[in-house]
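Hello,

Here is the structure for you to look over. My notes on its salt bridges and on one helix follow below.

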Amino acid sequence: MSIVIKSYDRQYIAAAISIWNEIVDEGIAFPQEEPLNESNGDEFFKSQSYTGLAFDDETGEIVGLYILHPNNVGRCGHICNASYAVKSSIRGKHIGEKLVLDCLAKGKELGFRILQFNAVVATNIHARHLYQRLGFKELGIIPGGFRMPNGTYEDIVPQYHLL
C-alpha cells in the first residue's frame with residue numbers, strides 16, 4: 001500500500017469525520033467526547049494549522065488523517081500539538097508512522113520548534129512504541145489524567161519531539 005498525504009479539502013469531509021469519529025467513539029485516545037458532523041467537522045479541520053489526509057495511492061481511499069495546531073500561545077506559541085487517526089480496518093500497516101513523519105516535517109515547515117503530545121494514554125502501547133521509535137521523549141506520568149469510557153482513569157504520558 002502506497003500512502004500519499006495531502007492537505008484537507010471539504011470534498012473529503014465524510015471520510016475524514018468517519019475516521020475521526022471512530023477514535024472518538026472508542027474513547028481510549030482522544031479527549032473529545034462528541035463526534036463530528038459534516039458542519040462542525042469541516043470547521044474543525046479547516047481551523048487547524050494543517051490537516052493532512054492519508055490516501056491509499058492505489059485505490060484513492062482515505063485511510064487516515066492528522067491535525068496540527070499550536071499547543072499554546074505567546075511565549076509558548078512555538079510548540080505545536082497533533083492528533084492522528086487511522087481507519088480501524090487497516091491499522092497495523094504503518095500508516096500512523098507515515099502520518100507522524102509528515103506531521104514532523106509540516107510542523108517544522110510551519111515554523112514550530114517542538115511537537116508536544118499532552119495526553120498520550122499510558123495503555124496506548126502501539127502509539128507509545130511508535131513515538132519512542134521516532135525519537136519522542138516521554139516527560140513523565142500524569143496519574144489518572146484520562147477518563148476512560150467506563151469511568152475509570154488511566155495515566156497519561158506527555159511526549160515531545162524537537163523539530
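The side chains of Glu-138 and Arg-128 form a salt bridge, with 3.0 Å from N to O; the term means a side-chain nitrogen of Lys or Arg within 4 Å of a carboxyl oxygen of Asp or Glu. Glu-138 belongs to strand 6 (residues 137-138) and Arg-128 to helix 4, so the pair ties together parts 10 residues apart in sequence. Helices (H or I, at least four residues) and strands (E, at least two) are DSSP runs, numbered from the N terminus.

This is a predicted model: local features need pLDDT of at least 70 and side-chain atom pairs pLDDT 80 or more, while totals for chains, interfaces and linings use all residues. Residues are numbered from 1 along each chain as its sequence is written, and side-chain values use heavy atoms, leaving out hydrogens and water.

The structure holds eight salt bridges. Another of them joins Arg-10 to Asp-42, with 3.7 Å between the closest N and O atoms. Arg-10 sits in the loop between strand 1 (3-7) and helix 1 (13-26), and Asp-42 in helix 2 (residues 38-46), 32 residues apart. Asp-42 is buried at 8% relative accessible area, whereas Arg-10 is partly exposed at 40% (buried is under 20%, exposed over 50%, partly exposed in between; 1.4 Å probe, protein chains only).

Arg-133 pairs with Glu-97 in a salt bridge at 3.1 Å between the closest N and O atoms. Arg-133 lies in helix 4 (residues 125-133) and Glu-97 in helix 3, so this pair ties together parts 36 residues apart in sequence.

In the loop between strand 4 (79-86) and helix 3 (95-109) is His-94, which has a positive phi of about 70° although it is not a glycine.

Regards
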